[in-house]
Each structure stands twice: as structure tokens, then as C-alpha cells.
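These entries record what I looked up in one structure. I began with the pockets, turned to the ligand, and ended with the backbone.

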Amino acid sequence: MAISRVSTGLKELDTIIQGYPEGKTILVTGDAGVGKTVLGLQYIAEHCENGERCALVATEESPEDLRSQAIGFGWDLKKYEDEGLLKILEVLERRMIEARFSDPSEKGMEIHLKDIADWIPENVTHVVVDNVGVYALGMPVERFREQLDLLVFMLAKKGCTSLIICDDAVGEQYNNVAMYSTYGAIWLFRRENPYTNRRERLIDIRKMRSTEVPLDYLPFEISGAGIKILKTSFDD
Ligand SMILES: Nc1ncnc2c1ncn2[C@@H]1O[C@H](COP(=O)(O)OP(=O)(O)OP(=O)(O)O)[C@@H](O)[C@H]1O
Ligand SMILES: [Mg+2]
């Protein structure tokens, strides 16, 4: 039986990969400012607009910052929260308190990563965790893999289709390991276009099980309407 798909929130990406595989976890990596959070917010906005329940786990930004970032794209997170469609879970505060008042030992951090799934309310079908990179700091790479595997397992058990964001700052070693835990992996990056000499943003779909994926990088731009994939050979 063919796997069910859910919208990525990007019309063009839905055409290219038919959406994310339902009930699975996709790892989103990329360096600072490349567009990881926007990709996550766009996914959440799409499904809240459809009346589906979503959760956004924030480890680095406050809910207030995320709300104001989202409103810049016309996505009213507050409205979704008021409608009971969105729950923003702030891990940031718990993490700060922990770091300040106790020894931020590996053990303490580990508990957090796997506990994330427990905090997701029932009936949530779409989850974005932004981002798990902070948990890797000071954690041996194999322990990080174990923790992430567990989180992925728990999210799947809850029936959630999830994006787990991990910044490139934790290093390739961690990201490569993380990539094996998840069903799909997307890398966002910037490079100079040798023909135009202009910098561009690109999506590399590194893997998506059960899915035909393009080998080409997909150029995208971020505007007031969010992420848009620019014309590619797929349009021909
Ligand atoms: N309203 C907007 N219109 C156009 N571009 C915007 C708008 N808001 C943000 N951006 C662009 O989106 C980028 C931010 O993307 P985003 O916050 O998703 O990055 P990130 O990969 O999550 O970064 P970090 O690792 O710092 O969390 C900014 O660099 C900015 O150029
Ligand atoms: Mg971000």
C-alpha cells in the first residue's frame, strides 16, 4: 500500500516529493539564518489553516519571538493557539533554569530530549522541534543518536508527522548520525551561484524513504509570503 503524505506547506515541494510521508520524522539541518525555522513555521501554518492540531517545541527562541517572526509572513500563531490548534512548548525556559540552578550534566540534558514527546498533547498530528542541536552539546555522539532514536520512536507512536530541526553548529558528525535516525533528511544551505555571482539559498533533499527525490538542489527564496521554491527542471 502506498504511504500517505501530508503537505510540506510549500506548494512546489508538494509537487516534487508529494509531501512528507505521514507519521514519519524528517530531520531539517542547515546553518544559522538559512531558513530552518521558517520552513517549520510554514509547515505548522499550513496544517493549522486546515484545522489540524500542531505542536511547536521551541528550545532556542521564546514563543513571543516565534509569534512575531511568523506574523511577518502572515501566519497568526496566536490565533491558532486561541483556536486550540497550536501548542507552543517552551523548552528554552526549562533549559535556562536547569543550566543556572543545577549542574547541566549530560544526564539532565538527555532527559529533556527524550521527554519532548511526552509533552506533546494528545491528538496532535504535526510537530516541529526547533532545534535539537543544543542537546548535542557535551553529549557523546552515540548517546545523542540513542536519544534521538527514542524521540523519533515516541513521535511516531503518537502518530505525529514531525520536523526535527538541528543546526549545523553541532557539527557534521552529529548531523550525519541524526540523519540515520529519521525517515527523511533535508539540508538547507547557501552558496554563491557561479553564473550570477549572487548568493542563493538551496534545499538538498538528502533522503526521503519511499519517495522519488530529485538529485538537483532546489533553489528557494524567502519573502513576506514565506519560502518559495524557484523554478527548476521539474517545471518543464
Ligand atoms: N518577513 C520576511 N521576509 C523576507 N525574509 C525574511 C522575513 N523574515 C525573515 N526572513 C529571512 O529569513 C531568514 C531567517 O530564517 P530562519 O529564522 O528560518 O533561519 P534559521 O535557519 O532558523 O536560523 P537559526 O539557525 O538562527 O535559527 C532571515 O535570514 C531573513 O533573511
Ligand atoms: Mg531557527
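**Entry 1: the largest pocket.** I looked up the largest pocket and found about 260 Å³ of space in it. The model is predicted, so I note that local features need pLDDT of at least 70, side-chain atom pairs count only at pLDDT 80 or more, and totals for chains, interfaces and linings use all residues. Residues are numbered from 1 along each chain as its sequence is written, chains are lettered from A and ligands numbered from 1 in the order in which they are written, and side-chain values use heavy atoms, with hydrogens and water left out.

A pocket here is an open set of points on a 1 Å grid over the protein atoms alone, where a 1.4 Å probe fits, with protein on both sides within 12 Å along at least five of seven lines; lining residues have an atom within 4 Å of a point. Its volume is the space filled by probe spheres set on the points, which are joined across faces, edges and corners.

I recorded 19 lining residues for the largest pocket, with A32, G33, V34, K36 and T37 nearest its centre. Two or more lining residues come from each of α2 (36-49) and β7 (161-167). The largest share is that of α2, with three residues. Helices (H or I, at least four residues) and strands (E, at least two) are DSSP runs, numbered from the N terminus.

By class, I noted six nonpolar, five polar and eight charged residues in this lining. Ala, Val, Leu, Ile, Met, Phe, Trp, Tyr, Cys and Pro count as nonpolar, Asp, Glu, Lys and Arg as charged, and the others, Gly among them, as polar.

**Entry 2: the second largest pocket.** I found a volume of about 180 Å³ for the second largest pocket. Its lining includes N193, T196, P219, F220 and L230. Both β9 (199-208) and β10 (218-223) supply at least two residues of that lining. I recorded three nonpolar, two polar and five charged residues there.

I recorded 15 residues around ligand 1 (a heavy atom within 4 Å), the closest being G33, K36, T37, V38 and Q69. The shell holds five nonpolar, seven polar and three charged residues.

I then looked up polar contacts, that is, pairs of N or O atoms within 3.5 Å. Oxygen atoms of ligand 1 lie 3.2 Å from a backbone N or O atom of V34 and 3.0 Å from one of G35. For T37, a side-chain N or O atom is 2.7 Å from an oxygen atom of ligand 1. Taken alone, ligand 1 exposes 650 Å², of which the protein buries 66%; accessible areas come from the Shrake-Rupley method with a 1.4 Å probe.

**Entry 3: the backbone.** I noted a cis peptide bond from D130 to N131, with omega near 0°. N131 belongs to the loop between β6 (126-130) and α7 (133-136). Q18 lies in the loop between α1 (11-17) and β2 (20-21).

Key:
A polar contact is a pair of N or O atoms within 3.5 Å; within protein, one must be able to donate a hydrogen and the other to accept it, and residues adjacent in sequence count only if both atoms are side-chain atoms.
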